[in-house]
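Here is a short report on selected local features. It covers strands, backbone exceptions, a pocket and a surface patch.

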Amino acid sequence: MSLTELSGTPTPEPSTPEKPARPARRTSPLGALLLRLHFYAGILVAPFLVVAALTGLAYTTTPQLDSILYGDQLTVAQVGDRQLPLAEQVGAARNAHPTGSITAVHPGDGDRTTKVVFSLPELGEKQHTVYVNPYTAESQGRLTTWFGSTPAATWLDDLHRHLHLGTVGEHYSELAASWLWVMALGGVILSWRRRGATRATARHLLVPDLSTGRGVRRTRGWHATTGVWLTVGLLFLSATGLTWSRYAGANFASGLDALNARTPEISTSLTAVPTEPGGAHHHGDVGAGATVESAAFDRVLTVARDAGLSGPVEIVPAQEQGLAWTVTQIDNTWPVAKDRIAVDPAASTVTARSDFADWPLLAKLSGLGTQAHMGLLFGLVNQILLAALALGLLCVIVWGYRMWWQRRPTRTDRRALAGTPPARGGVRGLPLWALLIGVPVTVAIGWALPLFGLTLLAFLVIDVVVGAVSRRRRPAEAPTSPAPVGS
């Protein structure tokens with residue numbers, strides 16, 4: 001028996017050393033700046049993204065909507081054994097629509113009707129399209145179209161692009177597309193920094209971490225993980241949307257011109273223009289009310305088929321004397337068919353050709369991207385993917401606003417409707433090399449994407465002004481005097 005036991009003093013049990021508390025992760029100046037930018041963009045730009053997502057979601061339904069609303073015009077009730085000559089079909093369309101000039105004909109195939117497009121000065125960019133049964137040459141109706149789009153598709157397209165507000169409304173969609181890629185990439189970087197670069201934590205970039213209980217942490221998990229899954233699709237929508245926007249799209253077009261990467265033009269000039277006695281030309285409409293030789297459509301279509309232009313095509317008669325007709329493949333589903341030829345309808349010869357395989361790479365990517373953005377490239381699969389992107393983006397935005405609300409102060413003396421923004425001061429803490437690289441890059445992006453540059457500058461100015469006002473209103477801390485000796 002030991003002396004300790006004799007004395008009755010309990011033997012102290014060996015204590016296990018406590019794990020040192022994990023130090024709080026210090027936010028770098030760049031991380032703080034990115035977090036504040038992501039926060040303000042989410043608060044101020046997200047409403048525009050909500051509108052773009054909702055209108056884009058509605059536009060993905062246009063193929064099915066067209067079938068429901070315009071099935072009687074777009075399709076035939078019964079497919080016949082043999083199609084009638086285009087001359088008869090065009091003649092039936094002309095009888096149903098005596099005025100205007102024929103600007104294009106889309107021959108029907110299978111259960112699709114033949115579309116004969118008429119232009120009238122009072123319609124502007126729009127046209128009248130007469131739908132003809134290719135097996136009976138009967139007119140099945142007329143619609144006011146816009147570059148082939150039905151009235152419903154045109155209405156939804158205008159809603160998505162400019163909210164039916166014209167040029168002013170185009171600013172909303174360009175603003176949304178200009179910031180979408182910034183918010184998507186910024187969210188991925190912030191999620192990676194928060195999770196860390198280890199394999200165990202990085203997997204939560206793709207799987208939400210639901211072990212953190214409830215509240216803002218769980219909401220952030222869903223927000224971050226869903227955003228990561230959507231990143232590639234959101235970057236694609238942002239890039240393709242900007243290509244036909246008002247200001248950024250103009251810069252993109254200028255870049256294509258500088259790189260000689262535009263869609264190649266096809267020459268329609270004819271060295272000799274055959275004429276009939278009396279000087280009457282029959283190469284196409286020459287202004288409204290002129291006459292098109294209907295038989296020429298059959299000759300031109302035969303030449304196009306012999307030249308290898310299969311599938312749906314568009315025949316465009318010459319609108320001026322001395323020009324060839326053009327025939328273009330218009331199959332927008334993958335693999336696309338976009339070959340074009342110019343045809344002399346009198347001689348039934350091909351005068352020029354432009355194949356999709358010979359287009360510059362950027363022109364191909366731009367064309368394919370446009371079709372995918374519109375939900376046409378991969379058919380129903382494309383529509384489903386776009387709808388999933390729109391719904392996912394709406395969820396991410398709702399979770400973002402929910403986090404803002406969940407972070408609000410709830411103490412009685414500090415109640416607020418929403419959480420406070422991340423701390424400012426990130427720019428002041430940036431190293432010199434980051435400023436030397438970041439400022440010129442930001443200026444260049446702001447020049448290429450003008451609405452992004454202007455709104456970013458506005459954010460910075462407002463942030464500086466708000467910061468200055470807050471510092472001026474903050475009461476100065478009263479100096480504390482040392483306590484008297486002996487108290």
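Which residue takes a positive phi in the hairpin of E7 and E8? Ser 348 does, with phi near 55°. Four residues lie between the strands of this hairpin.

## Basis

This is a predicted model: local features need pLDDT of at least 70, side-chain atom pairs count only at pLDDT 80 or more, and totals for chains, interfaces and linings use all residues. Residues are numbered from 1 along each chain as its sequence is written, and side-chain values use heavy atoms, with hydrogens and water left out.

## Strand pairs

Strands (E, at least two residues) and helices (H or I, at least four) are DSSP runs, numbered from the N terminus. Two strands pair if DSSP finds at least two bridges between them. E7 (residues 340-344) and E8 (residues 349-354) run antiparallel, joined by five bridges. Asp 344 faces Thr 349 in E8.

E1 (residues 101-106) and E2 (residues 114-119) are also antiparallel, with five bridges. Ala 104 has Val 117 in E2 as its bridge partner. E2 pairs in turn with E3 (residues 127-132), antiparallel over five bridges. There, Lys 115 stands opposite Tyr 131 in E3.

## Backbone exceptions

Most residues other than glycine have a negative phi, and most peptide bonds are trans. Leu 163 is not a glycine, yet its phi is positive, about 55°. Leu 163 sits in the loop between H6 (151-162) and H7.

The Trp 334 to Pro 335 peptide bond is cis, with omega near -5°. Pro 335 belongs to the loop between E6 (325-329) and E7.

## Second largest pocket

A pocket is an open set of points on a 1 Å grid over the protein atoms alone, where a 1.4 Å probe fits, with protein on both sides within 12 Å along at least five of seven lines; lining residues have an atom within 4 Å of a point. Of its 48 lining residues, Leu 33, Leu 37, Val 427, Thr 442 and Leu 456 are the closest to the centre.

H2 (29-44), H7 (167-195), H14 and H15 (450-473) each supply at least two lining residues. H15 gives the most, with 14.

## Nonpolar patch

Leu 432, Trp 433, Leu 436, Ile 437 and Val 441 make a nonpolar surface patch of about 570 Å². Patch residues have over 30% relative accessible area and no salt bridge; nonpolar side chains (Val, Leu, Ile, Met, Phe, Trp, Tyr) are joined within 5 Å, like charges within 9 Å. Areas come from the Shrake-Rupley method with a 1.4 Å probe, and for residues only the protein chains shown count as cover. A salt bridge is a side-chain nitrogen of Lys or Arg within 4 Å of a carboxyl oxygen of Asp or Glu. Ile 437 lies in H14 (residues 432-448).
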